Amino acid sequence: MEVDDQKSNVKKVFLVLSGKGGVGKSSVTTQLAFALYEKGFKVGVLDVDLCGPSIPKMFNLENGIINQSETGWIPVYYDNEQRLGVISIGFLLNSKSDAVIWRGPKKNSMIKKFMTDICWGDLDYLLIDTPPGTSDEHLAVMENIKTSNYCNYSAILVTTPQNLSVNDVRREITFCRKVGIPITGIIENMSGFTCPHCKDCTYLFTKQGGKILADNSNCNFLGAIPIDPNLTQCIETGQEFLATLKDSPCYTNIKEVVDKIIE
Amino acid sequence: MSDDSNNTMSQEVPEHCPGTQSSQAGKSSACQGCPNQNICASGQANQPDPDIEVIKDHLKNIKYKILVLSGKGGVGKSTVCGQISYALAAQYESQNKQIGALDIDICGPSLPQVFGVQGEQVHQSGSGWSPIFVDENLSLMSIGFLLPSLEDAVIWRGPKKNGMIKQFLRDVDWEELEYLLVDTPPGTSDEHLSIVQYLKPAGLTGAIIVTTPQEVSLLDVRKEITFCKKVGVPIIGVVENMSGFACPKCKIESKIFPPSTGGAEKMCEEMNVTFLGKVPIDPLIGQCCDEGKSFVKEFPNSPASLAYKNIITKIEKYTELNGE
């Protein structure tokens, strides 16, 4: 099934994957989206985590509503210029306690809709935030990418430094290679915490695991992003993420990652 | 509640699918054009699974069965499941009682790493699969043991994952256990529906739900609580993990994952579930998991160990009161 050219014209797709939950896929996706947006690009964010959709909160769009047009669904826009659009199942739930208790086939149908029925317009970058694992959602995304006109796609893998995370991400690398997704590189998140009081740095989740994994599996290491409680707090309240990001020690690292991925 | 599927069914369903268990399955207007319509209309999808009785009988010597759930990934389900298992095993060692752990995270099996038994082989005998022994009275089963290498990815759709979970429940020779703790992947999907479907008839004691303090986690955990209530799984309580970090140098506490909406304690009040306690971040916990060691054994006086001990006391009170 072809994606209607008038509906969406996406130059490049990045799938943000892990294998491990809670490493910061959604946070990193949000930071990458904002960093690209600040560079003047048109960006779309597609959240295919149907059970745990975090993206609406991170963009402070929790009350967003997806509108329908004749040709498809319209993204919820962060900005008036409509340069940063977001799609998530979060926008379709009535309340934040509503659980999406679906088995694979129903999830696959929703993902197909998300991949083929959205009117993105012209986009420079589409970032797809995924749930952890290597299962139905990931296979559904890949099937739809291959049958649509999203020609230029690759994966960005997120890990935290410790073995528990690296073990799962190693499997995700295998998944990518098996299903034919090129890997742009690996980001190591939660890489060190600098105490705001005494500036001493502690590696809460051990260290260097992401870099070592990249070296051992012949992938590019895109960079390490530290823990910034201000940014975490900001994700919580959904306030002023972009302004807080720009002041954060994470911003330098994220901008370096963006420079590498847009090459 | 939700739709079910088996290996012969197509991978996509119509938007308003009534569910394969519904009386309207195959007959409603939404079913027109669905590739599974004939199967549903014939009633084939709605037969009770005979393995449910087999599993009920097979697990009858396990006193307490507890699910460790979240909704959110990375909050520490495997870490908490692992450390509670270690602590229970230490406690019951003198009484010669056994503790078992079952890892049903098919895509990301973490327990072999947490228990330091990666690379072990599972043996089959006439009485079934033998779980791997971590300690004298602590055993584990995980798909991790069935994969030839650490790089192998398990790229399975729902039905195949469900089949594996059923096999774990039916074929693992646990013998007699005081506690079986089941570590789950994040979410509210196939694995969760399957484990409840097969464990409930065999007697499911309850669920421990793990979260971190921040709203981004609680958003998903609320959904998990809703899931438990919908499918009839009693909730033993909620553990708030990674609850604050005391800098080792200056000792001042930072809330790295801030409880901006009141944390797990407030959520528990709002949703009428028990709050089991808070476990702080201790970098040594991550290190112990990387090395496959028991944190509560290596560092018994750490605030996090004391927190685990309090949580276990509450779990035991629950199991004594609410029974098998």
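This is a predicted model: local features need pLDDT of at least 70, side-chain atom pairs count only at pLDDT 80 or more; totals for chains, interfaces and linings use all residues.
**View 1. Thr130(A) in the loop between β7 (121-129) and α4 (136-147) of chain A**. Thr130(A) is buried, with a relative accessible area of 3%, buried meaning under 20% relative accessible area with a 1.4 Å probe and protein chains only. Its side chain reaches the backbone oxygen of Val16(A) at 2.7 Å. Leaving aside residues up to four places away in sequence, Thr130(A) touches Val16(A), Leu17(A), Lys25(A), Val48(A), Asp49(A) and His138(A), a contact being heavy atoms within 4.5 Å.

**View 2. The interface of chain B and chain A**. The contact takes 73 residues from chain B and 62 residues from chain A. About 5,700 Å² is buried between the two chains, and carbon and sulfur atoms give 57% of this area; buried area is the accessible area (1.4 Å probe) that two parts lose on being put together, summed over both. On the chain B side, Ile155(B), Arg157(B) and Lys223(B) lose the most area to chain A, together 12% of what that side buries.

**View 3. The salt bridge of Arg157(B) and Glu143(A)**. The side chains of these two residues meet at 2.4 Å, N to O, and the count between chain B and chain A is three salt bridges, each a side-chain nitrogen of Lys or Arg within 4 Å of a carboxyl oxygen of Asp or Glu. Among the elements of chain B that each supply at least two residues of the side touching chain A are α5 (158-171), α6 (190-203) and α7 (215-231). The most is given by α7(B), with nine residues.

**View 4. The cysteines that UniProt lists for "binding site" in chain B**. The unreviewed entry lists Cys17(B), Cys31(B), Cys34(B) and Cys40(B), and such annotations may be inferred rather than shown by experiment. Cys17(B) lies in the segment before α1 (37-42) of chain B and is buried at 17% relative accessible area, while Cys40(B) lies in helix α1 of chain B and counts as buried at 13%.

**Notes.** Residues are numbered from 1 along each chain as its sequence is written, and chains are lettered from A and ligands numbered from 1 in the order in which they are written. Local features need pLDDT of at least 70 and side-chain atom pairs count only at pLDDT 80 or more, whereas totals for chains, interfaces and linings use all residues, and side-chain values use heavy atoms, with hydrogens and water left out.

Definitions and conventions: Helices (H or I, at least four residues) and strands (E, at least two) are DSSP runs, numbered from the N terminus. Buried means under 20% relative accessible area, exposed over 50%, partly exposed in between (1.4 Å probe, protein chains only). A polar contact is a pair of N or O atoms within 3.5 Å; within protein, one must be able to donate a hydrogen and the other to accept it, and residues adjacent in sequence count only if both atoms are side-chain atoms.
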